[in-house]
Amino acid sequence: MLITAIEPRRKAMSAVYIDGEFALNLDTRTLLENRFDVGREIDDEDLRRIIALSDENRAKEKALWLISYRSHSKKELTDKIRRTSSAEAAEKAADRMEELGLVNDADFARRYAGKLIFTKKMSKRAALAELSRKGIDREISERVLDEIEVDYQEQITEFLLKKYKNLGDERVKRRAVAALQRLGYGWDDINRAVRNFESDD
């Protein structure tokens, strides 16, 4: 097989033509670094190798782009990269970001758990489930959550003040209780906080 043309495309990609016909789009930098030039003879093994290298480079670029916007758990990052790359390239890219210290599940869990508990007013139980959904190891999640001191009565009261002030209305009260249950609070904590809120009111 002969590379007969290479044409630039958007997003740092190049169209590669083999034996006069369009074959595939590959990462331009990968082509240059591996001297895949017009006029070069290649075989199936060369083609498979350059496709894998191109995929790995694109996956690393995607990883850097994603973490430049916000921090990610390793699993979350891998899953997002897999949307545009192979599973193997996505895992290699996420591993590389972890080696470089750009991805750290414990740091991510600490920041994310704080946001869930203090901003979204979730219970630790609900936060644990959320961290698990992000791919954080249970042991890391539990250790991080143990470091956080939180007063559930205060949390629930703040939540009620912000969203459900009129608990005298039975429908509002039912909606407030359902919302607090979705946030992972147990019935005892909810009941006590609601009673205190109503008596203060």
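**Group meeting: a walk through the predicted model**

Hi everyone, let's begin with helix α6 (124-133), where A126, A127, L128, E130 and L131 are the buried residues. By buried I mean under 20% relative accessible area, with exposed over 50% and partly exposed in between, using a 1.4 Å probe and protein chains only. This is a predicted model, where local features need pLDDT of at least 70 and side-chain atom pairs count only at pLDDT 80 or more, while totals for chains, interfaces and linings use all residues. Residues are numbered from 1 along each chain as its sequence is written, and side-chain values use heavy atoms, leaving out hydrogens and water.

When I say helix, I mean a DSSP run of H or I with at least four residues, and a strand is a run of E with at least two, all numbered from the N terminus.

Back to α6. What do its buried residues pack against? They pack against α5 and α7, with contact meaning heavy atoms within 4.5 Å. After α6 comes G135, which has a positive phi near 90°.

That brings us to the core. A nonpolar core here is a set of buried Ala, Val, Leu, Ile, Met, Phe, Trp, Tyr and Cys residues joined through side-chain atoms within 4.5 Å. The largest one has 33 residues, and L131, L145, F159, L160, Y164, L167 and L180 touch the most other members. Two or more residues come from each of α5 (105-119), α6 (124-133), α7 (138-147), α8 (152-163), α9 (170-182) and α10 (187-200). Which of these gives the largest share? That is α5, with seven residues. As a close-up, take L145: setting aside neighbours within four places in sequence, L145 contacts A113, I117, K124, A127, L128 and L131. A separate core of 12 residues includes L77, A90, A94 and V103.

Two of those names lead to the next helix pair. The axes of α3 (residues 74-81) and α4 (residues 87-99) come within 8 Å and cross at roughly 140°. Axes are lines fitted to C-alpha atoms, for helices over the stretch in contact, and angles run from 0 to 180 degrees between N-to-C directions. On the α3 side the contact is made by K74, L77, T78 and I81, and on the α4 side by A90, E91, A93, A94, D95, M97 and E98.

Now for the other end of the chain, and the sheet. It is an open sheet of three strands in the order β1-β2-β3, with antiparallel pairing; two strands pair if DSSP finds at least two bridges between them. Why does one side of β1 and of β3 lack a neighbour in the sheet? Each stands at an edge with a single partner strand, so one side is left without a neighbour. Helix α2 (residues 44-69) packs on the sheet, touching β2 and β3, and its direction makes about 40° with that of β3.

Strand by strand, five bridges join β1 (residues 3-8) to β2, and I3 stands opposite I18 in β2. Their hairpin has four residues between the strands, and K11 in the turn has a positive phi of about 60°. Six bridges join β2 to β3 (residues 21-27), with M13 opposite D27 in β3. This second hairpin has two residues between the strands, and D19 in the turn has a positive phi of about 50°.

Finally, is β2 (residues 13-18) mostly covered or mostly open? Six of its six residues are buried: M13, A15 and Y17 point one way, and S14, V16 and I18 the other way. Thanks, everyone!
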